[in-house]
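This briefing covers a single protein chain.

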Amino acid sequence: MTEGNFSLVEKDHAKKRRMSSDIVAMDMAQPENSAFEKKNGFFVTRGTAWLLLLLFICGLLATGLLVYYYAPDPYPSTVAELHQHETVHINEVKAESKFPMAQRPSTTTTTSPTTSPTSASPTSTSSEAPNMKEMKEMHEDQIEEKEEEIEQEVKSTMHSPEMQEEEEQPAEKPDVRLPRSLKPVHYQVKLQPFVNGNFSIFGYVEIEMEVLEPTAEIVLHIYDIVTHNQTVKLVPADTPDHLGLEIVKHEYDHGRHFYIAHLEEPLEAGQNYILSMNFLGYLNDELKGFYRSSYKDEEGNERWLATTQFQPTHARKAFPCFDEPGMKATFEVYLAREENMTSISNMPLAETLPFEDQEGWYWDRFNTSVPMSTYLVAFVVSDFVYLNSTSDNGTLFRVWARESVINQAEYSNDIGPKILTHFEDYFQVPYPLPKQDMIALPDFSAGAMENWGLITYRETAMLFDPESSAPENQRWVSLVVAHELAHQWFGNIVTPKWWDDLWLNEGFASYVQYIGMDHVKPTWRVMEQFIVDTLQSVFALDCLESSHPISIKVGHPDEISQIFDGISYNKGSSIIRMMSHFLTEASLRKGLSNYLEAFQYDNAEQDDLWEYLTTAAHEDGTLPSDLTVKTIMDTWTLQMGYPVINVTRSLDGTTATVTQERYLLNKKNSMDDRHYSWWVPLNYASQSNPNFTVTSPSVWMKASESEVTVSSLPSSEEWVIFNVQETGFYRVNYDDDNWNLIIQQLKTDHEVIHTINRAQIIDDAMDLARAGHLSYDIALDIYTYLGNETEYVPWKSAVNKLDYLVNLFQRTGAYGALQNYIKDMIVPLYESVGFADNASDHLLTQFKRKTALTWACKLGHQECLDSASAFFQQWMEDPQNNNIISPNIKDTVYCTAIEAGGENEWEFAWNMYLETNVASEKSKLLKAMGCTKKIWLLSRYLEMAFMKDSGIRLQDSDTVFSAVAKNPVGRPLAWTYLRDNWQKIHKYFGKANKRVLKSVTAGFNTKQQLREVKLFQEEHEDDLGAASRAVENAIERITNDIAWMDNNYQNIVDWLESQGYNSKVSNV
Ligand SMILES: [Zn+2]
């Protein structure tokens, strides 16, 4: 999966409005924050059992022998929660129940079909006709009546003194994993979503299971689905006419999302059985599970579609299943759709049959899939259109979008098949499906999702309009398409056994995406950009004590969601890049190919991969025979953080003592007394041998060695630079003499040093200074060479690091001096690239121009400000003219003009946002509207972000919030708004949103702000869910920044003064 919005990846301390192109953690949709906090575990069993008992009695009273399962949502899953949200929940049940019947707007033939979909089922593979009819017979009034009764019961439980007592008991973490006694073999899933009706879904599922160990319980996942116990049936697979084995009890464990069928007799090992049931679902608007999305067609009519997002734990919301990645099975999907709609799924359409007795409805049956994990199942019912092409190997390739934007899908349709073919060649494993669909959806929580054979995207990640989208948008589309196609191998063919090894999916896709993109755009030099976009960006996260190892134990859905973050994606891909250099790319490819072959349609762990890579490297002689990949890589994946390598040269310079220590932002405050050390591949270039092409290690520093000596270095007048092309995941520090030699080289002829190493030197030096390993005098002295630098990548590293200083200085008396210093450095760059954009310039020149403009305007360079406002004014006078502002500089122009302007500029931007049909343009305008300095506009904008029907989609709410939070004027507003409306925001997203917390705390660096964030953490201990680590990261970072101010502020003020930038007022 790919991150939703590329501005999400901005570093914690960054506050500029750049469009980063990193791919990191998706902003994953996830179940609500229920369970798993300290108090809850105990109640999951007791509390739920209690509720279920009441449900059961209720059911008996109301309908005789029927017992319904009510989805845990909107009911709280624990008593503790009941106490907290008493009123909210009761009201929710009334007003916003997700229970479809309660919401049915009116009865029409669509919303209340008169014929059972099942009776018209095109298949007769099951012994009995799937009984959807009974589901339909759950009458509206019956259900409403029961809801009321349950409310009463819920209320009475809330006041039970016994329960209150229990609440204080400490709890153990429940085991959320499914038992291993059963293995799903095949699913038949039939769904009739009422996309154009009341959004209910009639469902039927048959699951064939193999019994691995005798068991009297069938445990599987079910969530937000209503089933009817009478329809649950279990038969031996070889005797489908069997009347059904007796299920003595149906149990629903809400906390763990389990349905448990208790059987009279244990099932026999080695036998296969088929469990079937009917259910009722609901196309939700939360962007997860099977959900609905809408858009306006060219006539302004609202059109609906239904689509899915199952990763990591949402398949259970669409149909009952064994929702763990290790439980692979084949899937046969049937989708019912109306005549004017199309349905697509993972596999090609096998046949379409009329839906008996339901005029205008059809059943689409899809071919049975290859064995795959539940989270990769996908289906879409829409009125979209497609473009198609065929890859070289004959795979049918189609790209889908709403009709009015289908021309923007041409670029994806062009590069998709090329990348797919390239990966087949690269991995030496064929793409196994006959087709690959990709679809751009109007509402999508992440950036994209790699569902096998049906990749779903946010529109900004798949559509590209050469007229109005920027080069950066094109790069983003290329990157995401390559990322998702890479997953067809890493993730889909071979899948991690459990989410602990998520990084195997995301790390590989995040590395291989660059290989795919490099193939279709060789002139873009994307492998160089990896350094700033990926490696240096995750350095800034992994230097915190609140980081985590790449490979980490997770259980609960909240914990799983947490690890879709920069560590899994960016650190994962950075250490794979490191491997590809120390093993050589040929050995890496060989090992990967054998691994994919060996585990195809199966699951693996990282140790399996290490084994295959070791074998390949030993065969090729690229790794010493007494060393394994596991020995090396365990030090990188099982422990968090990374080292700084200290290189101290002898007096004559010819030898160097090399040591390693963990690089921490603030070592002094470290509470972690564990000894960290790594296997470090060392190599270097020198002044007399400036060879920056050999990236294999010349020396290995073992994790057990406290130091190594490197000999045969040049004399002390010549520099050495370690970590050639920054292929190792570590920083390098030198003695002052060597630093000064490097600086001298940069000043005299910087091109002797590789572009990537120039970016490395800047990034390492500034962060070493930040953590107190190096003096700022040396780090800042490096910046003096930048006047001669023409390459984008070193510039990008340089401005990224300055962001930190700007942020900390912003509210200090020395800000003016710092501002002038940076301005004097940026203006020559600005003048060299010019404000006027040229679309025919090389991609990197355009990126450089954008960087220069953004900074010049941000620092108040008058000409930049005037030009931006003038362009914007021209556009306001001629709104239909798309050619006034070049796409590359739109971000800067919009933001600058809206910041300088007033209500008119803002309103104009809003209207253009509503009007445009280009998703990337909408996204630029949404971000720019957060740049205004008018407090009332910002307040109104914040309100709109969390208001349905305000024109801002749920998928964009956090973009809007972050845009306001990044604005120094908006930050206090956003923080107050967040604290005052935490419950509302939480409910709006259906989860604790990491991104809003990250963006609003990014600029904090005072003791008061630290207190406030800590208080917030305390108050929301139980509902931070998947955002809890983001808050811990923020607290640690703010603490460090406060210490940094104490230690460094004056030094930098003095240094600025020494450079002629005085902080004092003259003429006093
Ligand atoms: Zn991914």
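Which are the buried residues of helix 29? They are Ser-957, Asp-958, Thr-959, Val-960, Phe-961, Ser-962, Ala-963, Val-964, Ala-965 and Lys-966. The model is predicted. The protein has 1068 residues, of which 66% count as buried, and it contains 34 helices and 30 strands.

**Overall contacts**

- Taking contacts between residues at least 6 apart in sequence, 74% join residues at least 24 apart.

- Helix 29 spans residues 957-966, and ten of its ten residues are buried, so the rest of the structure largely encloses it.

**Helix 12 against helix 19**

- Helix 12 (residues 526-542) packs on helix 19 (residues 755-770) at an angle of about 20°, and their axes are 10 Å apart.
- Because roughly parallel covers angles under 35 degrees, helix 12 is roughly parallel to helix 19.
- The crossing of helix 12 with helix 19 is right-handed.
- On the helix 12 side the contact involves Glu-528, Ile-531, Gln-536 and Phe-539; these meet Thr-755, Ile-756, Ala-759, Gln-760 and Asp-763 of helix 19.
- By class, the residues of this contact are four nonpolar, three polar and two charged.

**Helix 21 against helix 23**

- Helix 21 (residues 792-809) and helix 23 (residues 843-858) have axes 10 Å apart and pack at an angle of about 25°.
- That angle makes helix 21 roughly parallel to helix 23.
- Helix 21 and helix 23 cross in a left-handed sense.
- Helix 21 contributes Tyr-792, Lys-796, Val-799, Leu-802, Asp-803 and Val-806 to the contact, while helix 23 contributes Leu-844, Phe-847, Lys-848, Thr-851, Trp-855 and Lys-858.
- Seven nonpolar, one polar and four charged residues make up the contact of helix 21 with helix 23.
- An α-helix has 3.6 residues a turn, so residues three or four places apart point the same way.

**Ser-574**

- Ser-574 sits in helix 14 (residues 566-582).
- With a relative accessibility of 0%, Ser-574 counts as buried.
- A polar atom of the Ser-574 side chain lies 2.7 Å from the backbone oxygen of Asn-570.
- Beyond its neighbours within four places in sequence, Ser-574 contacts Phe-530, Thr-534, Leu-535, Val-538 and Phe-729.

**Leu-596**

- Leu-596 belongs to helix 15 (residues 585-598).
- Its relative accessibility is 0%, so Leu-596 counts as buried.
- Between Leu-596 and Phe-490 the C-alpha to C-alpha distance is 8.2 Å, although 106 residues separate them in sequence.

**Glu-324**

- Glu-324 is placed in the loop between strand 10 (302-309) and strand 11 (330-338).
- The side chains of Glu-324 and Arg-177 are joined by a polar contact of 3.2 Å.
- A polar atom of the Glu-324 side chain also lies 2.7 Å from the backbone nitrogen of Leu-178.
- Not counting residues up to four places away in sequence, Glu-324 touches Val-176, Arg-177, Leu-178, Arg-180, His-221, Thr-374 and Trp-498.

**Leu-353**

- Leu-353 lies in strand 13 (residues 349-354).
- Leu-353 has a relative accessible area of 23% and is therefore partly exposed.
- Leu-353 and Asp-364 are eleven residues apart along the chain, with their C-alpha atoms separated by 6.6 Å.

Technical notes: Residues are numbered from 1 along each chain as its sequence is written. This is a predicted model: local features need pLDDT of at least 70, side-chain atom pairs count only at pLDDT 80 or more; totals for chains, interfaces and linings use all residues. Side-chain values use heavy atoms; hydrogens and water are left out. Axes are lines fitted to C-alpha atoms, for helices over the stretch in contact, and angles run from 0 to 180 degrees between N-to-C directions. Helices (H or I, at least four residues) and strands (E, at least two) are DSSP runs, numbered from the N terminus. Angles under 35 degrees count as roughly parallel, over 145 as roughly antiparallel, 65 to 115 as roughly perpendicular and the rest as oblique. A crossing is left-handed if the near helix is turned anticlockwise from the far one by less than a right angle, and right-handed if clockwise. Contact means heavy atoms within 4.5 Å. Ala, Val, Leu, Ile, Met, Phe, Trp, Tyr, Cys and Pro count as nonpolar, Asp, Glu, Lys and Arg as charged, and the others, Gly among them, as polar. Buried means under 20% relative accessible area, exposed over 50%, partly exposed in between (1.4 Å probe, protein chains only). A polar contact is a pair of N or O atoms within 3.5 Å; within protein, one must be able to donate a hydrogen and the other to accept it, and residues adjacent in sequence count only if both atoms are side-chain atoms.
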